[in-house]
Amino acid sequence: MTLQKEDYPICVQFDFEKGEFAPFQSKAERRVSDLAMMFADSEAAAALVKNGDPLVYEIFYYGFTTSVSDMALGVTRIQPGTIGGEYHMTKGHFHEAHDQPEIYFCVKGEGYLLMETLEGEFRAHQWNKGTISHIPPMWAHRVVNTGSEPLVFVASYHLAAGHIYEPVVEKGFAQRVIDEAGKPVFKDNLQRR
């Protein structure tokens with residue numbers, strides 16, 4: 001087999017303090033307006049959108065594609081804060097290819113990794129700096145920042161896994177993470193459809 005240009009090793013450099021890596025191929029921002037449907041308090045979300053539409057999280061991407069395989073690297077940086085008492089969180093997704101897992105590595109901050117199957121089985125893993133989580137195939141996943149600083153995590157998965165957001169948008173997760181007197185508390189999602 002003859003090696004192609006894309007078959008040679010590649011390195012990127014991670015900045016632990018900033019919570020980002022370089023070079024990256026693309027960057028995406030998620031603001032309150034992008035996530036308003038995910039939060040229980042729609043009035044609080046609408047007020048924030050009206051008053052500047054603050055950043056909730058951003059994702060840095062790099063896709064490593066060779067002539068025979070692919071892998072993706074993503075770094076997500078979730079800002080601290082709440083919307084209507086509910087902590088900032090990622091949108092959450094399933095993988096389009098149901099046999100694809102994902103690895104998450106929390107490098108900064110604290111929070112929870114929420115996971116749920118299509119059948120409604122729910123799990124929450126507490127996260128802090130140094131936690132590495134394996135997300136098995138067929139589990140939706142979302143990260144919640146319950147700390148006072150940005151929560152940063154590294155994700156690794158196959159590009160071929162794809163992302164499906166609709167089931168999470170339609171019914172959310174079984175539990176919401178709410179700030180009560182400065183502490184995270186799990187509450188049933190009363191808006192499940």
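**Exercise 1.** In which strand does Val56 lie, and is Val56 buried or exposed?

Solution. Step 1: Val56 lies in strand β4; strands are DSSP runs of E with at least two residues, numbered from the N terminus. Step 2: the relative accessible area of Val56 is 0%. Step 3: buried means under 20%, exposed over 50% and partly exposed in between, with a 1.4 Å probe and protein chains only, so Val56 is buried.

The model is predicted: local features need pLDDT of at least 70, side-chain atom pairs count only at pLDDT 80 or more, and totals for chains, interfaces and linings use all residues. Residues are numbered from 1 along each chain as its sequence is written, and side-chain values use heavy atoms, leaving out hydrogens and water.

**Exercise 2.** State which residues Val56 touches, not counting residues up to four places away in sequence.

Solution. Step 1: contact means heavy atoms within 4.5 Å. Step 2: with those sequence neighbours left out, Val56 touches Arg30, Arg31, Val32, Leu35, Arg77, Ile78, Gln79, His88 and Met89. Step 3: Val32 is 24 residues from Val56 along the chain, and their C-alpha atoms are separated by 6.2 Å.

**Exercise 3.** Give the strand order of the open sheet of three strands and name its edge strands.

Solution. Step 1: two strands pair if DSSP finds at least two bridges between them. Step 2: the order is β10-β9-β12, with antiparallel pairing. Step 3: β10 (122–128) and β12 (139–145) each pair on one side only, as edge strands. Step 4: β9 (residues 110–117) and β10 are joined by seven bridges in the antiparallel sense. Leu114 stands opposite Ala124 in β10.

Terms used. Helix = DSSP H or I, 4+ residues; strand = E, 2+ residues; numbered from the N terminus.
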